[in-house]
Amino acid sequence: MIPKVYREVIDLGDGREISLETGKLAKQAHGSVVVQSGKCMLLCTVVSNYKAADVDFLPLTVDYREKFAAAGRYPGGFFKREARPSDGEVLTMRLVDRVLRPLFPKDYHSETQVMIQLMSHDENVMPDAMAALAASAAIQLSDFPFECPISEVRVGRINGEFIINPTRAQLDESDIDMVIGASEDSVMMVEGEMDEISEEEMTEAIKFAHEAIKVQCVAQRKLAEAFGKKEVREYEPERNDEELAQKIHEMAYDKVYAVAKQGSSKKERGAAFAEIKEEILATFSEEELEDIGDLVSKYYGKAEKAAVRDLTLNEGLRLDGRKTTEIRPIWCEVDYLPSTHGSSIFTRGETQALATVTLGTSREANQIDMPSYEGEETFYLHYNFPPFSTGEARPIRGTSRREVGHGNLAQRALKGMIPDDCPYTVRVVSEILESNGSSSMATVCSGTMALMDAGVQLKKPVSGIAMGLISDADSGNYAVLSDILGDEDHLGDMDFKVTGTADGITACQMDIKIKGLSYEILVNALKQARDGRLHILEKLTDTIATPNADVKGHAPKMVTRTIPGEYIGALIGPGGKVIQELQKETNTTIVINEDPVTEEGNVEILGTDQEGIDAVLAKIDSITFKPQVGSVYEVKVVKMLDFGAVVEYTEAPGNEVLLHVSELAWERTENVSDVVNMGDIMDVKYFGIDSRTRKEKVSRKALLPRPPRKEGDRPKGDRPKGDRKPRNNDKKEN
């Protein structure tokens with residue numbers, strides 16, 4: 001039976017469309033939709049178990065995968081099958097998860113899975129910008145308890161004009177690359193990188209994106225209505241006891257408020273709060289706690305959150321005693337690790353990041369192989385968050401999604417400041433050694449200093465800060481918090497991280513937890529963040545004002561040389577013999593990349609010893625040496641022959657040419673050794689390829705004064721015909 005297909009089209013306003021389609025594929029899923037733009041097609045399916053899991057949170061999994069068949073390609077590697085998700089796929093999962101998760105009821109604990117798959121690729125469409133639209137549309141077709149439709153769009157700006165969902169080619173020309181997630185009435189998530197834009201420009205980009213998102217939310221509603229919107233499923237909500245909640249609040253609030261007002265360290269504060277909680281638990285019998293112990297803990301957490309928020313709103317004080325605009329004490333150090341190419345420590349309060357820099361050739365570039373994008377990164381940053389940084393013991397099972405996301409944010413913050421002519425592949429690694437509030441921003445700061453310590457000539461230093469927001473909708477009162485603690489991250493209404501130079505924003509990441517955040521508050525928060533960034537930036541530049549003029553003595557020096565394509569084979573040698581022996585003799589690394597357009601070879605020479613690098617350059621000069629007709633060159637005799645001498649160009653060792661005996665002197669030369677000997681240095685004139693011998697011709701005698709003609713000598717060519725020896729033709733005629 002032919003399925004009935006339901007379709008809704010979104011007009012992007014410039015001839016492009018996005019279509020939402022359901023009813024044809026994956027009908028056993030609780031909701032499924034195909035989102036298409038051009039030839040790009042995403043299939044999203046959603047399923048949620050009807051029975052709640054035995055946990056106190058929403059076990060939501062967002063999975064985004066790109067199929068290589070979608071681009072007509074095979075997976076790389078030995079096993080020709082898609083395996084673990086790439087970093088690019090993980091980043092898309094995070095973009096979608098951060099917008100979806102807050103819209104499920106807090107007491108909905110059924111295991112839920114959102115699967116988004118790229119089924120067909122279009123090089124002019126970036127699929128990650130449509131992933132959240134696909135996820136939300138599929139949920140709208142299900143019976144899940146979900147607050148409202150949402151969507152995400154990417155915003156670019158070219159020549160001052162904003163663009164929704166630009167192509168990758170357009171993005172290369174854009175000074176903004178932001179992904180914004182929102183519902184019809186509230187912006188919920190912002191992430192992206194910028195070319196030092198202002199806070200007002202960033203806000204305008206968010207507004208522009210929100211208008212496009214509203215249209216996409218309306219389209220989802222229309223599709224769900226046409227399909228037949230399902231009744232929201234019934235589920236067993238969490239148990240609640242309002243009387244108990246009020247009792248716990250009265251027992252805990254004042255005590256928590258008093259502890260919070262003291263302004264203490266994370267450890268001291270945690271111990272004091274734990275003591276208050278234990279005192280409350282002690283007022284209940286063991287039998288009562290078996291029944292309501294989970295409720296007591298939950299209501300204590302709510303009372304603690306309310307007390308801390310009220311302290312900030314009422315008195316402008318925070319858990320560690322700071323004012324809302326105050327930054328924690330900072331100390332920094334560079335060149336801490338003696339063997340790395342660059343290193344730094346950045347410590348802000350109870351957050352500490354140790355960054356290292358490693359310099360390499362293009363061979364060390366990070367290769368990106370995805371169905372939607374192939375390329376390489378010559379600057380990349382890795383972020384590690386070990387459990388000891390928060391005083392915990394837990395197993396390490398690979399790189400977490402959080403580590404991928406935080407590392408990507410710091411990378412985007414810094415990459416625009418790497419100079420275009422930087423010859424190195426640069427890898428930054430951030431090791432988080434302590435964490436209590438925004439280790440990703442500490443990574444940006446330590447990364448900046450480590451790069452400068454390594455001698456990478458950053459265009460400008462970059463700093464970053466994590467901000468928070470506490471607001472009261474009833475009174476309209478709000479407080480923007482600079483440099484938030486880990487606890488403030490959890491209890492606040494907005495968590496946003498902003499990085500930038502003294503001249504503008506380079507990257508941001510925002511998660512907004514309240515509805516209807518005004519743009520006025522957002523701009524004020526961004527301006528307060530700028531003040532904090534500049535304060536931190538001053539601490540960085542006090543530690544290291546400018547990049548070191550050169551790389552460290554033990555770090556590799558990089559020299560690049562471009563050679564004509566015709567000499568690439570000679571430099572490599574048969575089976576790589578020449579280049580391998582040269583690397584071994586000079587203790588260098590040599591990488592040759594051929595430009596497919598110019599067909600020239602870009603030679604990278606990496607080594608710690610300048611003499612070795614100079615030796616490689618001399619060899620390249622020798623191989624690529626091409627004498628010019630009519631020019632004079634200094635040569636050295638390297639071999640004696642009966643019919644001449646083999647000479648070597650002194651400016652290009654290894655380049656040899658025959659100096660024929662007839663070109664040694666104007667006089668007749670019986671023995672070559674009568675004129676030159678081994679090791680003699682002289683000048684010769686280059687005549688190019690001899691038309692008779694088809695070999696290169698050089699002459700010593702051409703630079704010597706011609707001896708005067710003796711009396712009776714006949715000029716050359718003046719011999720009578722009868723005097724010349726008969727040739728073969730003459731014999732036949734006779």
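Reply: Helix 13 (residues 577-586) packs against helix 14 (residues 610-624) at an angle of about 150°, and their axes are 9 Å apart. Helix 13 is therefore roughly antiparallel to helix 14. The model is a predicted one, in which local features need pLDDT of at least 70 and side-chain atom pairs count only at pLDDT 80 or more, while totals for chains, interfaces and linings use all residues. Residues are numbered from 1 along each chain as its sequence is written, and side-chain values use heavy atoms, with hydrogens and water left out.

Some terms need stating. Helices (H or I, at least four residues) and strands (E, at least two) are DSSP runs numbered from the N terminus. Axes are lines fitted to C-alpha atoms, for helices over the stretch in contact, and angles between N-to-C directions run from 0 to 180 degrees. An angle under 35 degrees counts as roughly parallel, over 145 as roughly antiparallel, 65 to 115 as roughly perpendicular, and the rest as oblique.

The crossing of helix 13 past helix 14 is right-handed; a crossing is right-handed if the near helix is turned clockwise from the far one by less than a right angle, and left-handed if anticlockwise. On the helix 13 side, Val578, Leu582 and Thr586 meet Gly612, Ala615, Val616 and Lys619 of helix 14, where contact means heavy atoms within 4.5 Å. This contact has 4 nonpolar, 2 polar and 1 charged residues. In this scheme Ala, Val, Leu, Ile, Met, Phe, Trp, Tyr, Cys and Pro are nonpolar, Asp, Glu, Lys and Arg are charged, and the others, Gly among them, are polar.

Asparagine 655 lies in the loop between strand 26 (644-649) and strand 27 (656-660). Its C-alpha is 6.2 Å from that of serine 622, although 33 residues separate the two in sequence. Neighbours within four places in sequence aside, asparagine 655 is in contact with Ser622, Ile623, Phe625, Val647, Glu648 and Tyr649.

Two further helix pairs can be described in the same terms. Helix 2 (residues 131-140) and helix 4 (residues 199-227) pack at about 30°, with axes 9 Å apart. Helix 2 is therefore roughly parallel to helix 4, and it passes helix 4 in a right-handed crossing. Leu133, Ser136, Ala137 and Gln140 of helix 2 meet Gln216, Gln220 and Ala224 of helix 4. The residues of this contact are 3 nonpolar, 4 polar and no charged.

Helix 6 (residues 266-281) and helix 7 (residues 286-315) pack at about 140°, with axes 11 Å apart. Helix 6 is therefore oblique to helix 7, and the crossing is right-handed. Phe273, Ile276, Lys277, Ile280 and Leu281 of helix 6 make the contact with Leu289, Val296, Ser297, Tyr300 and Glu304 of helix 7. By class, 7 of the contact residues are nonpolar, 1 is polar and 2 are charged.

Finally, the cavities. On a 1 Å grid over the protein atoms alone, a cavity is a set of points where a 1.4 Å probe fits but cannot get out, and lining residues have an atom within 4 Å of a point. The whole structure holds 2 cavities of 30 Å³ or more. Volume here is the space filled by probe spheres set on the points, which are joined across faces, edges and corners.

Technical notes
On a 1 Å grid over the protein atoms alone, a cavity is a set of points where a 1.4 Å probe fits but cannot get out, and a pocket is an open set with protein on both sides within 12 Å along at least five of seven lines; lining residues have an atom within 4 Å of a point.
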